[in-house]
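Please look over the sequence and the model shown below. The report that follows describes selected parts of the structure, one topic at a time.

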Amino acid sequence: MPADLNPIDKAKFIAAKRAVEFVEDGMKLGLGTGSTAAWMVRCLAERIREEGLRVVGVPTSSRTAELAASLGIRLSTLDDVKWLDLTIDGADEFDPNLNLIKGGGAALLQEKIVATASDQMIVIADAAKEVVQLGAFPLPVEVIPFGWQTTKALVEETLVSMDVLGRDVTLRMNGDKPLVTDEANYILDLHLNRIGNARQLALVLNQIPGVVENGLFIDICDIVVIGHADGRASVRDINTGRVEDDRVDFAPSDNIFADLE
Ligand code: 5RP
């Protein structure tokens, strides 16, 4: 591993490398989005190269599709494969029940569809993503551009009766224009500080016309793999209650960093 990787990237790499050990020959895989998921795509490509693993990946964003294709991972669409064995993705926050906030990378819609269509979802994260209660990270909500300001007003009105600490809602920008998702939608970021009842909020938000999906992943994640910069990986399985601490081999082949150069 290059010495110049910062501790957060090392931790993300360790989580990704450990999670990719769950991949078995012949699996259909959901490939997440974000910087941690990008490490997973690189680690997966390395296993494919070294072990001749035959897997097919369904990417959750154009960014992930591009990276995976450039590393020689065979790709398909959810419509073609219909159901997946395993999705590995990052998260912005996870709580003790492995409920998540996702969408910091604006890919929550495809990510939620793909994770829900998987037998198992593994989240990979550095320890900073662990929280006692969700909500410090602004909750992304994907909305259609048509009438988005009305949708935003309805979201704000809805938040008045919700158990949250903050109620600011902002449109995510890309420079001086609204950020446009892969599905040609906008993202509203809800600055809630603390979400008292994430399950209820997730249901209520999705009932607002114009809201396509929200970034709360409730009862979707099965396992979290937390990477540490010193090479430790903690694996927590919410279904079995199993908690394991492993050490991950720090020395990937230089190939794994090829796309970063
Ligand atoms: C993208 C996501 C990402 O998984 C999340 O933002 C975490 O990203 P990173 O691994 O870069 O911290 O939900 O929509």
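## A pair of opposite charges

Which side chain meets that of Arg-172 in a salt bridge? The partner is Asp-189, at 2.9 Å from N to O. A salt bridge here is a side-chain nitrogen of Lys or Arg within 4 Å of a carboxyl oxygen of Asp or Glu. Arg-172 lies in the loop between β8 (168-171) and β9 (173-174), and Asp-189 lies in strand β11 (residues 186-191), so the pair ties together parts that are 17 residues apart in sequence. Helices (H or I, at least four residues) and strands (E, at least two) are DSSP runs, numbered from the N terminus. Arg-172 and Asp-189 are both buried; buried means under 20% relative accessible area, exposed means over 50%, and partly exposed is in between (1.4 Å probe, protein chains only).

## Basis of the report

This is a predicted model, in which local features need pLDDT of at least 70 and side-chain atom pairs count only at pLDDT 80 or more, while totals for chains, interfaces and linings use all residues. Residues are numbered from 1 along each chain as its sequence is written, and side-chain values use heavy atoms, with hydrogens and water left out.

## Other salt bridges

In the whole structure, a search finds 16 salt bridges. One of them joins the side chains of Lys-112 and Glu-213, at 2.8 Å from N to O. This pair links distant parts of the chain, 101 residues apart: Lys-112 is in helix α5 (residues 108-116) and Glu-213 is in strand β12. Lys-112 is buried because its relative accessible area is 11%, and Glu-213 counts as buried because its relative accessibility is 14%.

Asp-126 and Lys-129 also meet through their side chains in a salt bridge, at 3.9 Å from N to O. Both of these residues, Asp-126 and Lys-129, are buried.

## Helix α3

Helix α3 spans residues 62-70, and its buried residues are Thr-64, Leu-67 and Ala-68. They lie on the same side of α3 because they cover an arc of only 95 degrees around the axis. The arc is that of the directions from the helix axis to the C-beta atoms. What covers these buried residues includes β1 (28-31), α2 (35-51) and β2 (56-59).

Glu-66 and Ser-70 are exposed residues on the face of α3 turned away from its buried side. Just after the helix comes Gly-72, which takes a positive phi of about 85 degrees.

## The cysteines

A disulfide is a covalent bond between the sulfur atoms of two cysteines. The rule used here is a pair of cysteine sulfur atoms within 2.5 Å, and by this rule the count comes to zero disulfides. For Cys-43, which is in no disulfide, the nearest cysteine sulfur is that of Cys-221, 18 Å away. Cys-43 is buried because its relative accessible area is 2%. Cys-221 is buried as well, because its relative accessible area is 4%.

Ile-144, Phe-146 and Val-212 make a nonpolar surface patch of about 290 Å². Patches are made of residues with over 30% relative accessible area and no salt bridge; like charges are joined within 9 Å, and nonpolar side chains (Val, Leu, Ile, Met, Phe, Trp, Tyr) within 5 Å. Accessible areas come from the Shrake-Rupley method with a 1.4 Å probe, and for residues only the protein chains shown count as cover. Val-212 lies in strand β12 (residues 211-214). Val-212 counts as partly exposed because its relative accessibility is 30%.

Notes:
Contact = heavy atoms within 4.5 Å.
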